[in-house]
Amino acid sequence: MCGIVGYIGHQSAATLLLDGLQTLEYRGYDSAGIALAPGDGAFRVTRASGKLINLRNKMDAQDPATLGIGHTRWATHGRPTEENAHPHRSADGKIVAVHNGIFENFLELRKELQTLGETFSSETDTEAFPVMVSHFMKAGLGFREAFHRALGRMEGIYALACLHADDPDRLLAARSGPPLVIGLGEGETFLASDVVPLLRHTRRVIFLEDGDIAELTRTGAQISRLDGSRVERPEQHIPYDPVAAEKGGFKHFMQKEIFEQPQAISNTLLNRLPIEPGEPIPLDLPFSNEELKALQRIHIVACGTSWHAGLVGKFLIEQLARTAVEVDYASEYRYREPVIPEGTLIIGITQSGETADTLAAMKEAALRGARTLAICNVMGSTATRAAEASILTHAGPEIGVASTKAFTTQLAVLTLLALRIGEAKGTVNPAQKEELLQGLRELPAHLEHLNALEPQIMRWAQKYRDASDFLYLGRGPLYPIALEGALKLKEISYIHAEGYPAGEMKHGPIALIDKNLPVVALMPKDAHREKTLSNLQEAAARDGRILGLVTQGDHGLDGIAEDVLELPDVHPWLAPILYVLPLQLLSYHIAVLRGCDVDQPRNLAKSVTVE
Ligand code: AGP
């Protein structure tokens, strides 16, 4: 949601900022804008509603200004119009600012400033900030002091970047909530909401902490706190290959990211599998065996796809570590006054590490005494810095809004974690552990095999593209995959879809079944197979069009299903990682055939930083 970029250096800022915003498009937005500071006392501000191309078409890409800030806006306060797009200016035109977050007291501040004679031209909460800075400057403060003073008046959350028209050598930024990263170059310094726009220019970055204020110049950045005290933040090196965030020959990021899953899972597992049989899982956790053994219960909090990973995690942890697990939507957990007895671990699962609800739920649990662990894909994100411990999924940058490789790598991490806790508790049978570890080692090859089935999935997509509803069914650890399959289809193709435990179908959803309803059935050869099969016979008896995903060589759906896809025979607890891939591809191809914007579906944002 909302993206910020900033640049101060020696190159033309216009193209650099436009390209930076382009790489942030995946976060979701509905308008965009850029302010360039040529250093002659006035800004050149360009804004446009809709896609970035509208902004690009209005700007002079050769503009010589070497200082500027840019923004993609996902509307919260005020419609997605050009007037509400950022950057916002003070009435005298001397201050511009871009903002990610919400100023909760903006109405109050607006009234106060209006009483003092200041004027406003947008409906946004953000505009209060440049107006406030300008107001303090009129009262005699310098730019930096006015910036500090204005921040002191703001309530809510923010990532901010701000410029003064008469100060061509300084870009001010502040963070309290949404992330901001500084990129360090040679004679140039960059600012962005995440590392993706920085990768083309530098791998040397500094993550700002909550409450930090940064002053960026052409030679680097100085960081201070609101009280004016100086702080040092470590410079970090980002290991990603810049091409990891490019489409690389694929039509969409989502397709590329689906195909990257064999490599992504290999990266997740790298150095985390024991070399010799019987060795402990080398999962780097700051909890001792004694602490893991003492865990009485686990609460998992997450949203969307990550919540589905949590449901699979519950299954794995309860099976392998015999520890009770509750899985909650983070947005519910944070407000339901959860009961957190001693010995509770809270696991926040979030690919972005910035989801406001998940962060708040984790914070709530920590305040009530829980130990905290984040499972996350983004190094340096808020979740990884707020939790006591974190496990990175190492999926690489995920740009498509619909999560794919971040999900399967979360499942791989949860399998390792369940084994690790089970080891500490002595609940894992060694033969079972070896079988699962071997299964994990073989996963990348199986995923490669599934990618090769894309032509068959494309034929399914062609056949079922016009359906108005889909039903997804699964049991045990495949039930969350039914939910995930339905979510993927809804998100990117806008087709209504529901996921259900197959055994629950007769308690309601069976009423939906008729000759027009595709029923996607997940039926690996596991302990639930016979039960699922009889549920599917019930669906077939009512003319449901069954698309079955089964274990290689299983002919149980012959004569029942209209289409069958055979998948490799894997340990049933690893089946979720495999069975989701064809569902991702099916959603992808249906969405493409229906002409949908696959990577940036309507109304959705990649990281949801508001409630
Ligand atoms: C996934 O396809 C969705 N776009 C969405 O449900 C997402 O999983 C959810 O917003 C949680 O995001 P997070 O993992 O970054 O916390």
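1. Start with the second largest pocket: 28 residues line it, and C303, G304, T305, K606 and V608 sit nearest its centre. A pocket here is an open set of points on a 1 Å grid over the protein atoms alone, where a 1.4 Å probe fits, with protein on both sides within 12 Å along at least five of seven lines; lining residues have an atom within 4 Å of a point. Its space comes to about 530 Å³, a volume being what probe spheres set on the points fill, with points joined across faces, edges and corners.

2. A quick word on the source: this is a predicted model, with local features needing pLDDT of at least 70 and side-chain atom pairs pLDDT 80 or more, while totals for chains, interfaces and linings use all residues. Numbering runs from 1 along each chain as its sequence is written, and side-chain values use heavy atoms, with hydrogens and water left out.

3. Who builds the second largest pocket? At least two lining residues each come from α9, α10 (330-333), β18 (344-350), α11, α13 (405-425) and α16. Helices (H or I, at least four residues) and strands (E, at least two) are DSSP runs, numbered from the N terminus. The lining splits into 13 nonpolar, 12 polar and 3 charged residues; Ala, Val, Leu, Ile, Met, Phe, Trp, Tyr, Cys and Pro count as nonpolar, Asp, Glu, Lys and Arg as charged, and the others, Gly among them, as polar.

4. The ligand takes up the space of this second largest pocket, meaning that more than half of its atoms lie within 2 Å of the grid points.

5. Of the 13 residues around the ligand (a heavy atom within 4 Å), S306, T350, S352, T355 and E491 come nearest. By class, that shell has 3 nonpolar, 8 polar and 2 charged residues.

6. Now the polar contacts (N or O pairs within 3.5 Å). Ligand oxygen atoms lie 2.4 Å from a polar side-chain atom of T355, 2.7 Å from a side-chain N or O of E491, and 2.7 Å from a polar backbone atom of Q351. The protein covers 91% of the 410 Å² of accessible area (Shrake-Rupley, 1.4 Å probe) that the ligand has on its own.

7. Lastly, the largest pocket, at about 760 Å³. Among its 27 lining residues, I157, A356, L359, A360 and K363 are closest to the centre. α11 (356-367) and α12 (382-386) give two or more residues each, and α11 has the largest share, 8 residues. This lining divides into 13 nonpolar, 4 polar and 10 charged residues.

Methods:
Polar contact = N/O pair within 3.5 Å; in protein donor to acceptor, adjacent residues only side chain to side chain.
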